[in-house]
Amino acid sequence: MKLWVEVLRPQHWIKSGFCLAALFFGGLAGSWESWEQILPLLVSFSVLASAGYLLNDVWNREEDRHHPRKKMRPVASGQLPVGQILLVSFALAIGGLALLGFAYGFVGESALPLWHGVGYLMLTIGYSLVFREMPLLDVLVLGIGFVIRVSAGAFALGLSPTGWLLGCTYAIALVLGFGKRLGEWRLLERLQEVPGETRSALRGYTDALLRVLVGGSSFAAGGTYYAYCLSHSEREFLVLTVIPVVVGLMAYLRMAWRSAVVETPERLLFKSPVLLGSVVVWLIMIVLIILR
C-alpha cells in the first residue's frame, strides 16, 4: 500500500487548487453551494493527475534510474510491475472522466468540464511521450495543464474565465516549471551527475538560461497580476494584494537562486515560512476584498 501511495503522489493533488481560482475571483467563495458544485472537479483532476503520473513513471523509468532521488521510485526500482501500473492508470483515467461526466454532463455546454478533463489527459499523455524531451516546450506545454484547471473550474461554476486570469495562471506555471528544471540542474550539478541522463530536455538548458527564464517568468507573473488588479476598478483595494504576491515571488526566487529545493514545487510552502506566509496573507486579503 505504501508503494501505491507513493506512485499516486497525493502530495501533488495540491495543484488541483488552481481549479478554485474562479471560485475566489468570481466572488463565490462564500457560497456553500458553489463549493459543492466544484468539489467533483477537484477530485476528478486529482485522479487524472495520478493517472498521468503513473504513465509518466512507466515511460520514463530508464531516465529515472539515473536520478539520485527518482531512482528509488517503485516503478524505476522495479518494486511494482509495469503491467499493473498501466492498468491502474487506465482505470483512474476512465474513473476521473466518468466522474466529470456524471457531475456536469456528457453533452452540451454543461459538459465543458468533461472536455477540459479529456484535454488535460491528452496533454499529460503528450507530455510524457513527446514534449518531456524537448527543451522549452517541455515547460511551455506543462503550463497549459494549469490553465486547463483554472478554465475548467470557471465553467464548472457557470462562469467564463477571463484572459487576465488565464494569462496570470500560465505565467505562474512557467515560474514553477522553469524553477523545477533549475532545481534539478542544481541537484545533479552538485552530485556531479550528467543532467541529460535524468531528463533529455535538460541538455538544451544551462544554469544561466534557467536563471533568466525563472526571473523573466516571475516578472511576467507579477506584472500580469498587477494589470489584472488594475483592470478591476470596482474593487479598488484589490491592488493591495499585489504586495504579498511580490513578496512570495521574491521568496521563491531567493530559493531558486540558492538551492535545489525548487525541484519539488509541491513541497515549497513547507520549505519557506515567508512563501507560506505570503500565500496565506494573499488568500485572506482576496476573501476579505472580493466577498466584502
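## Helix 6 and helix 7 in a predicted model

**View 1. Helix 6 and helix 7 cross with left-handed geometry.** A crossing is left-handed if the near helix is turned anticlockwise from the far one by less than a right angle, and right-handed if clockwise. The axes of helix 6 (residues 112-129) and helix 7 (residues 137-156) come within 9 Å, at a crossing angle of roughly 165°. Axes are lines fitted to C-alpha atoms over the stretch in contact, with angles from 0 to 180 degrees between N-to-C directions. The two helices are therefore roughly antiparallel (an angle over 145 degrees). Helices are DSSP runs (H or I, at least four residues), numbered from the N terminus. The model is predicted: local features need pLDDT of at least 70, side-chain atom pairs count only at pLDDT 80 or more, and totals for chains, interfaces and linings use all residues. Residues are numbered from 1 along each chain as its sequence is written, and side-chain values use heavy atoms, without hydrogens and water.

**View 2. Residues of helix 6 meet residues of helix 7.** Contact means heavy atoms within 4.5 Å. From helix 6, the residues include Leu 112, Pro 113, His 116 and Tyr 120. Their partners in helix 7 include Asp 138, Val 141, Arg 149 and Phe 155. By class, this contact has 12 nonpolar, four polar and two charged residues (nonpolar: Ala, Val, Leu, Ile, Met, Phe, Trp, Tyr, Cys and Pro; charged: Asp, Glu, Lys and Arg; polar: the others, Gly among them).

**View 3. The protein has 11 helices and zero strands.** Its C-alpha trace spans about 55 × 45 × 30 Å along the principal axes.

Key. Parallel < 35°, antiparallel > 145°, perpendicular 65-115°, else oblique.
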